[in-house]
Amino acid sequence: MREAEVIELVDAFIAGAVTEERWTHAAHVASAAYLVRTRGRRRALSTMRDGIQNLNRVLGSTGYHETLTVAWVDLLAGMVHEGRGEDAETMLRRVLAASADKQVMLEHYTRDRVMSEEARARFVPPDLRPLPRPDYALRDATPGDAERINAIYNHYVPWSSCTFALEPTPIEERSLWLSRRHRDHPAVVAETDGEVVGWGSLDPYRSRGGYAATAEISIYVDPSEHGRGLGRELTRRLMARAAEVGLHTIIAMICTEQRASLTAFSREGFVERGTMREVGRKLERWLDVAVLERRV
Ligand SMILES: CC(C)(COP(=O)(O)OP(=O)(O)OC[C@H]1O[C@@H](n2cnc3c(N)ncnc32)[C@H](O)[C@@H]1OP(=O)(O)O)[C@@H](O)C(=O)NCCC(=O)NCCS
């Protein structure tokens, strides 16, 4: 496929003007690879996601699949980056040849997992072989990160027991939370392609003075980045920051439904000390909270 053809295809795709016959697997692949090359993986993902959903509306299709969209962009990003320095047409030829067989996805996912309703609605990490891992840059959060931090957090509010918030946090509240942070309670973010995709914070556990050296940890990763070790990296960075600021004990309060969080914190040395029964109510059920603790 010539570069000019792909540019025209991508423009038609973004405008929702590509026909069903033209929107083949090769057209998907060429568009996504071209977008990764010219805009980076994260912007390519949001353009593909918006474009496919828009096209589905135009074509009257209900077939949008979040896991396949994310996983294909990730696989293609891995392939595009392998050929650094090559021209656009060589890259397209190579990537189209390597991804001609749709079944390559089944090297990463079992059929049951990738075809599940959950995978259709939300990204689920692979259960066979990991997807290519992007580079993440970790740093302390700054006031300019409030919007992305809030968007990642608020995504979970309506449907998940990982936070017991019932309403999204207004941006003003999040900005205040970020701007009023004390040096003893750092917040960190992880970026890739210039976009914040995960964050973590250490917040006061209790206001009484005797608790000053104890903090509560929170980690939130953009769902489309789950399962790539980012939660682990953020936890490690925060534990290092906890040592720097002289904290002594870190607490994690985790809803017992949240297997990912329980596993992620246990792997990083947090020990479960007990479970508070039915202390939360959300999603029309009573929720239990496990208390995990780790010495700095
Ligand atoms: C919990 C969370 C931060 C984990 O982030 P992540 O980047 O997907 O996790 P990682 O890839 O770093 O995995 C860390 C460990 O947890 C395990 N894990 C991750 N997701 C899992 C899942 N769904 N089920 C079981 N184990 C899981 C991993 O296998 C890994 O263990 P390993 O080193 O033995 O392989 C992420 O799922 C998230 O943002 N959840 C919503 C917010 C939340 O619940 N935060 C915690 C409470 S504040």
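Reader: How many helices and strands are there in the protein chain?

Author: The protein chain has 11 helices and seven strands; helices (H or I, at least four residues) and strands (E, at least two) are DSSP runs, numbered from the N terminus. This is a predicted model, in which local features need pLDDT of at least 70, side-chain atom pairs count only at pLDDT 80 or more, and totals for chains, interfaces and linings use all residues. Residues are numbered from 1 along each chain as its sequence is written.

Reader: What is the radius of gyration of the protein chain?

Author: The radius of gyration is 21 Å, close to the 19 Å that the globule rule gives for 296 residues, so the chain is as compact as a globular protein of that length. The radius is taken over C-alpha atoms, and the rule is 2.2 Å times the number of residues to the power 0.38. Along its principal axes, the C-alpha trace spans about 70 × 40 × 35 Å.

Reader: And which domains is the chain divided into?

Author: There is domain 1 (3-121) and domain 2 (137-295), with bounds that come from an automatic or database domain assignment. Their C-alpha centres lie 32 Å apart. Six residues of domain 1 and four residues of domain 2 take part in the contact between them; two residues are in contact if their C-beta atoms, placed from the backbone, lie within 7 Å.

Reader: Which helix gives the largest share on the side of domain 1?

Author: Helix H3 (residues 41-59) does, with four residues. By class, that side of domain 1 has two nonpolar, one polar and three charged residues. Ala, Val, Leu, Ile, Met, Phe, Trp, Tyr, Cys and Pro count as nonpolar, Asp, Glu, Lys and Arg as charged, and the others, Gly among them, as polar.

Reader: Turning to the ligand, which residues come nearest?

Author: Of the 21 residues around the ligand, the nearest are Cys162, Gly231, Arg232, Ala260 and Thr263. A residue is near a molecule if its C-beta atom, placed from the backbone, lies within 6 Å of it.

Reader: Which element gives the most to that shell?

Author: H11 gives the most, with six residues. Strand S4 (214-221), helix H10 (230-244) and helix H11 (259-267) each supply at least two residues. The shell has nine nonpolar, eight polar and four charged residues.

Reader: Now strand S6. How many of its 12 residues are buried?

Author: The count is zero, so strand S6 (residues 271-282) is hardly covered. A residue is buried if 20 or more other C-beta atoms lie within 10 Å of its own, exposed if 12 or fewer, and partly exposed in between, with C-beta atoms placed from the backbone. In the protein chain of 296 residues, 31% count as buried.

Reader: Do S6 and S7 run parallel or antiparallel?

Author: S6 and strand S7 (residues 285-295) run antiparallel and are joined by eight bridges; two strands pair if DSSP finds at least two bridges between them. Valine 271 stands opposite glutamate 293 in S7.

Reader: What is the phi of leucine 283 in that hairpin?

Author: Leucine 283 takes a positive phi near 55°, in a hairpin with two residues between the strands. Most residues other than glycine have a negative phi. Glutamate 284 also has a positive phi, of about 60°, although it is not a glycine.

Reader: Is glutamate 284 buried or exposed?

Author: Glutamate 284 counts as exposed, with 5 C-beta neighbours inside 10 Å. Leucine 283 is partly exposed, with 13 other C-beta atoms within 10 Å.
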